[in-house]
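Have the sequence and the picture handy as you read.

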Amino acid sequence: MRRPTIIFAKHVVLWEGKEVMTWEQMLNRLKGWRKDIRVLPRIYQTSGHTKGADGKFNGSSNRILEAVGPQEFTMMSFVQGVKNELYDSTRIQADLARKSGTELRGKLTLPSSAAAAGAQIVVLPKGRWGNLNLSQSTFANPVDEVCSYAKESGEFEIHVDAAEYDIGFFHKEGYLVVKGPLKHTAEYKLQPWQRITLTTKDWPDDQKDEVWIRPEGTSPPCPGFSLAWLHGKRRTVTLNVPVGIGKTTQLYSPNGGGGAVTGGTTRLVIRPGEPQTIALPAMTDEQRAAGKRKWEGFLSEPQE
């Protein structure tokens, strides 16, 4: 099974964030792959794609789902990261180049005081970011979440276009969220990850929960980081997570891909200390029925 990332920007479609292609090329690639394997793409739209007045690529979510298949995608979400404005102005690949005069430099160390080589640096513009996916200590989905990587020495350089922002540093051995603005040439020491194990009991196969966390140290508004998905056939998951307040969002998901929110949530409180094990409840009959109605109503909506 393949789970490619497709970003629908204002003027272009970006496949895995690297290749600019037309709508027809995107559909042909999916069609070719599906001759041999199952493909459930992750679909993202920038604000320029959903709100802009540009003609050809200003399709709606319904148009995308009609083309891809209403039950043939992993998720649909919206890109609100720092490069969103660049994606929305992209016409050719060269337009992704960073602007001069926006550079900031610093150095990162691990909790052990060693250089944090390869750490990811993510800019979190206040009031604009969301749908950031943190998977076992790293960001990779969509690719525009990562602004830069630390060098072997731990030194880094980033470009910040936002007037107000926080900064996130992420490495397999530690993390840190710093309130902006970032100081020039400052040194930052990462904090150790916390470990949590999430378990399910008597879950139906059509239940799916998304796990979120709002890291301590971020400025409001902050919708949080998406950490993982659990479903009826994935009974246990152990995660590296930051200290903070989180929750799970419960969905009715008959095919393991898309789903509809049932209204069920579980609050998570992550504190420094020993690993935690948290049992997540199965959805009730009423929650399942509510999610099923939403899902069937979504599928029955007329396509534009």
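Below we start with the whole chain, then turn to one helix and a few strands.

A quick word on the ground rules: this is a predicted model, where local features need pLDDT of at least 70 and side-chain atom pairs count only at pLDDT 80 or more, while totals for chains, interfaces and linings use all residues. Residues are numbered from 1 along each chain as its sequence is written, and side-chain values use heavy atoms, leaving out hydrogens and water.

**The whole chain**

The chain has 5 helices and 21 strands (DSSP runs numbered from the N terminus: H or I of at least four residues for helices, E of at least two for strands). Of its 304 residues, 50% are buried (under 20% relative accessible area with a 1.4 Å probe, protein chains only; exposed is over 50%, partly exposed in between). Take the contacts (heavy atoms within 4.5 Å) between residues at least 6 apart in sequence: 70% of them join residues at least 24 apart. The accessible surface is about 14,300 Å², and 49% of that belongs to carbon and sulfur atoms (Shrake-Rupley method, 1.4 Å probe).

**Helix α1**

Which residues of helix α1 are buried? In this helix, residues 23-33, they are W23, M26 and L30. Seen down the axis of α1, these fall within an arc of 65°, so they line one face of the helix (the arc is that of the directions from the helix axis to the C-beta atoms). N28 and K31, on the other side of α1, are exposed. The cover over the buried residues includes β1 (5-8), β2 (13-15), β3 (19-21) and α3 (61-68).

Two strands count as paired if DSSP finds at least two bridges between them.

| Strand | Pairs with | Sense | Bridges |
|---|---|---|---|
| β8 (residues 132-135) | β17 | parallel | 2 bridges |
| β16 (residues 207-215) | β17 | antiparallel | 6 bridges |
| β15 (residues 194-200) | β21 | parallel | 5 bridges |

**A three-stranded sheet**

Strands β18, β15 and β21, in that order, form an open sheet with mixed pairing. Its edge strands, β18 (236-241) and β21 (276-280), each pair on one side only. For a residue-level example, L198 has I278 in β21 as its bridge partner.
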